[in-house]
Amino acid sequence: MFVVPFLPMKCLRVLIVDGDPKFLAEAAETLAREKYSVTAVSDFDEAAAHIRKVNGKSIILSELTVGDKSGLAFLKDTLSKFPDLPFTFLATSPPLESVIEALKRGAYDFLRKPVDPGILCHSVARSVEKLNLSLESERVEKGSGERL
């Protein structure tokens, strides 16, 4: 019998949540050129629906505030359902306290806008690596649990 070796899943989905259509378009284009599957939305409700649809297998780039809604509340709600999801905040001139609070609450990274395309791609690549390691660890745990 021939057994196909397990190849680790490479999650290359990126969800961008931002109220600025120009930034959404530019960031989506930059990441699409790097072969990421990008979904760009302009509110947290659409973002939450997308995350549920992909069962938390996505990288999130989110503005700190979209409209009058707080990204920190979105972060808390999202990580309560998908604790391993890499979440990066973006903001133009964030107060240091906001950056620290976001990181304390579980954000993986924080980027200052405007974001250089190279820095954006590097941050997303690190987030992809983190998510894939989490997914692989989850798969191994499930596999070892089945053998007990």
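This is a predicted model: local features need pLDDT of at least 70, side-chain atom pairs count only at pLDDT 80 or more; totals for chains, interfaces and linings use all residues.
A crossing of two helices is called right-handed if the near helix is turned clockwise from the far one by less than a right angle.

**First stop: helices H2 and H3**

Select residues 44-53, which form helix H2, together with residues 71-81, which form helix H3. The axes of these two helices come within 11 Å and cross at roughly 20°. Angles under 35 degrees count as roughly parallel, and H2 and H3 are therefore roughly parallel to each other. In the sense defined above, H2 passes H3 in a right-handed crossing.

Next, display the side chains at this contact. H2 contributes Phe 44, Ala 47, Ala 48 and Ile 51, while H3 contributes Gly 71, Phe 74 and Thr 78. Of the residues in this contact, five are nonpolar, two are polar and none is charged.

**Second stop: strand S3**

Now select residues 59-63, strand S3. Is this strand mostly covered or uncovered? Strand S3 is mostly covered, with five of its five residues buried. Ile 59, Leu 61 and Glu 63 point one way from the strand, whereas Ile 60 and Ser 62 point the other way.

Finally, select residues 87-91, strand S6. S6 and S3 also pair in the parallel sense, over four bridges. Here Phe 87 of S6 stands opposite Ile 60.

Technical notes. Residues are numbered from 1 along each chain as its sequence is written. Side-chain values use heavy atoms; hydrogens and water are left out. Axes are lines fitted to C-alpha atoms, for helices over the stretch in contact, and angles run from 0 to 180 degrees between N-to-C directions. Angles under 35 degrees count as roughly parallel, over 145 as roughly antiparallel, 65 to 115 as roughly perpendicular and the rest as oblique. Contact means heavy atoms within 4.5 Å. Ala, Val, Leu, Ile, Met, Phe, Trp, Tyr, Cys and Pro count as nonpolar, Asp, Glu, Lys and Arg as charged, and the others, Gly among them, as polar. Buried means under 20% relative accessible area, exposed over 50%, partly exposed in between (1.4 Å probe, protein chains only). Two strands pair if DSSP finds at least two bridges between them.
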